[in-house]
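Dear colleague,

Please find the structure below, handed over for your files. My notes on it follow directly after.

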Amino acid sequence: MKQQTYKKRFVIGVGAIGVITGIAAGFFLAHRTMGDMIIRTGVVLAAPERTGEMDKAGASVPAGQAGELGGMKQMEMKDGAMQGMPGMSGAPSGAVVVPAVARQLIGVRSASAAYATFTQEIRAVGTVGYDERGLTQVTVKTSGWVREVFVDSIGRPVRKGDPLFTLYSPDLLATQDEHLLAVKTQAQLAVSPLGDVKANAASLVASTRERLRLWDVTDAQVATLERRGKAEPVLTVYAPSSGIVLKREALPGKYVEPGTTLYEVADLSTVWISADIYESEVAAVTLNQPASVTFAAYPGETFRGTVSYIYSTLNAEARTVRVRVDMPNPGFRLKPGMFGTVTLVTDAARTLVVPKEAVLDTGLRQLVFLDRGEGAYAPYPVKLGRRNQDFVEVMEGIKEGDRIVTSANFLLDAESKLTSASSMQAMMGRIGMGDWQMRGAHEGKMEGMEGMGEMKGMPMGDMKGMEGMKGMEGMKGMENMSGMGMGSKKEGAETRQVNGLTLALATAPEHPKAGNVLLKLTLNDQVGKPVTNAQVVFVYTMPMPGMTDSKVAARHMKAGLYEGTVLFGMGGTWVVTVNVTVPGRPPVAEKYQFSVGGGGM
């Protein structure tokens, strides 16, 4: 009987050992498989301290010295870099390795960032116009009738002093007679012994002469009138300046009144060229800046001018600012209304530049791919400045001598997104492993290991060689495996403190489903006062290859509450980036993650 009982206990013991061994093997297999998955995504993990691992001297590390699971450092994902890991603190996410054959097929080429003399060219379409400072109107200051017209067509060039028309005016004729009478009286009283009388006669002559001059009678015409001694019934009106006739209203027999415009004359020796430049180019344009203009009418010829004025208003529809260029016009070759290409060149400056083909603009930031050598490429954010036809000025991000990719950037970017660690993490979120922490061990706490069911009450002492398994009781608290987490983003509906602002994001409904979801952001300052003057934009996406970002501008409702409706097209994990801009504060961009129901991955 004792022998049968002993055999039964022996069989149960062997079974228990098998179960325990299977669980331990499964745990380490899952650990290793997870590490392999992460390595395949392009992120290299620091080697954990495992039982049986070789030390620096080449000897095997005993299991007791290796410890249980406390030796595994928690891997933190921050800004795409594996923080706290040897050699990985500055490694950007999205690094990709391209074999030599593939590089040749897609045509990957690299160049070094270098300092160069940088000049920016601004090109715009210009329109030739009149120099408004040279516009002249010909009017009369007394009523009368036009008798004879000498300049009888628009567009005719005239010179200063050329006769335009003759005018008969009864008032002008009467003033001529008064002037002649005053001159005759002055001559008669020249021998008078009375000084007052001679002074009055001279004053009368001066008064009538001044009246004629104010009516645009020239000094030469007044002298001719005095020499002739007889009033002229018609008066000839002369051109006050040289130019081209833009308007002509003088017709024979036409009655005119004071202030009537009969001619408009424009001086075309200098013309204005008006060009509209984009809002982003205004800072590069200054007064007295040289400008060159080419015209289709004169191929191969360049006209030179200077920027004389930058208009103070913006065209709200085209988002352009008008710039005026003064241009000499010898021979009147430039005609008002002609179109030309205006080129403005900024002052040369030595700065760090890269070919413009090397820059990828995602809309939110600009990236270049750094050539790490041996087919390894990594995206890197840069801050850009001015641009010209071939190069882009780099303000921050890279340094002189860095090798950057100048062709096939889009293909590298697509490959980078497919292999980046962040994309792999997002896909793991789709299958429920975004915050993988050995949930089976953590949530269940391996309660079955505590008593092993029917093995409860079985004295371990009777199982020789099983005493070492008592240490397995520590496996019921697998909480230490939290270090295996993939650093997934926290779910939404939490409060965060960023740059002196308090952000609280929630959804309506509280547990969102696929479709339209209302995002509600409560924004307060450091003292708890609602912020009501912020600009809030929700950028949301399902972070997986091929998914693009969508954005919605939030509206301020009341007391620092901003709301915006987003469209979650399918179930799964969605990432919402809250972009907050408050005047006088640095911009804030916080990411939130939501689990959306509705039949996603």
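In these notes, buried means under 20% relative accessible area, exposed over 50%, and partly exposed in between, with a 1.4 Å probe and protein chains only. Helices (H or I, at least four residues) and strands (E, at least two) are DSSP runs, numbered from the N terminus. This is a predicted model, in which local features need pLDDT of at least 70 and side-chain atom pairs count only at pLDDT 80 or more, while totals for chains, interfaces and linings use all residues. Residues are numbered from 1 along each chain as its sequence is written, and side-chain values use heavy atoms, with hydrogens and water left out.

In helix α6 (residues 219-228), the residues Gln221, Val222 and Leu225 are buried. Viewed down the axis of α6, its buried residues fall within an arc of 100 degrees (taken from the directions from the helix axis to the C-beta atoms), so they line one face of the helix. Ala220 and Arg227, on the other side of α6, are exposed. The buried residues of α6 pack against α4 (170-188), α5 (195-214) and β11 (234-238), where contact means heavy atoms within 4.5 Å. Gly229, with a positive phi near 80 degrees, follows α6.

Helix α5 has 20 residues and reaches 29 Å from its first C-alpha to its last, close to the 28 Å expected at 1.5 Å a residue; the expected span is 1.5 Å times one less than the number of residues. Its buried residues are Ala201, Val205, Thr208 and Leu212. Down the axis of α5 they fall within an arc of 70 degrees, so these residues too line one face of their helix. The face of α5 turned away from that buried side carries the exposed residues Asp196, Asn200 and Leu214. The buried residues of α5 pack against α4 and α6.

Next, the aromatic residues. A search of the whole structure finds nine aromatic pairs. Rings of Phe, Tyr and Trp (its six-membered ring) pair if their centres lie within 6.5 Å; planes under 30 degrees apart count as stacked, over 60 as edge-to-face and the rest as tilted. The rings of Phe165 and Tyr263 have centres 6.1 Å apart and planes at 20 degrees, so this pair is stacked. Phe165 belongs to strand β10 (residues 163-168) and Tyr263 to strand β14 (residues 261-266), so the pair ties together parts that are 98 residues apart in sequence. Phe165 is buried, at a relative accessible area of 0%, and Tyr263 is likewise buried, at 0%. Ring pairs also link Trp145, Tyr168 and Tyr255 into a cluster.

Finally, some backbone details. A cis peptide bond joins Ala508 and Pro509, with omega about 10 degrees, and Pro509 lies in the loop between β27 and β28. Asn288 has a positive phi near 65 degrees although it is a residue other than glycine, and at 63% relative accessibility Asn288 counts as exposed.

With kind regards
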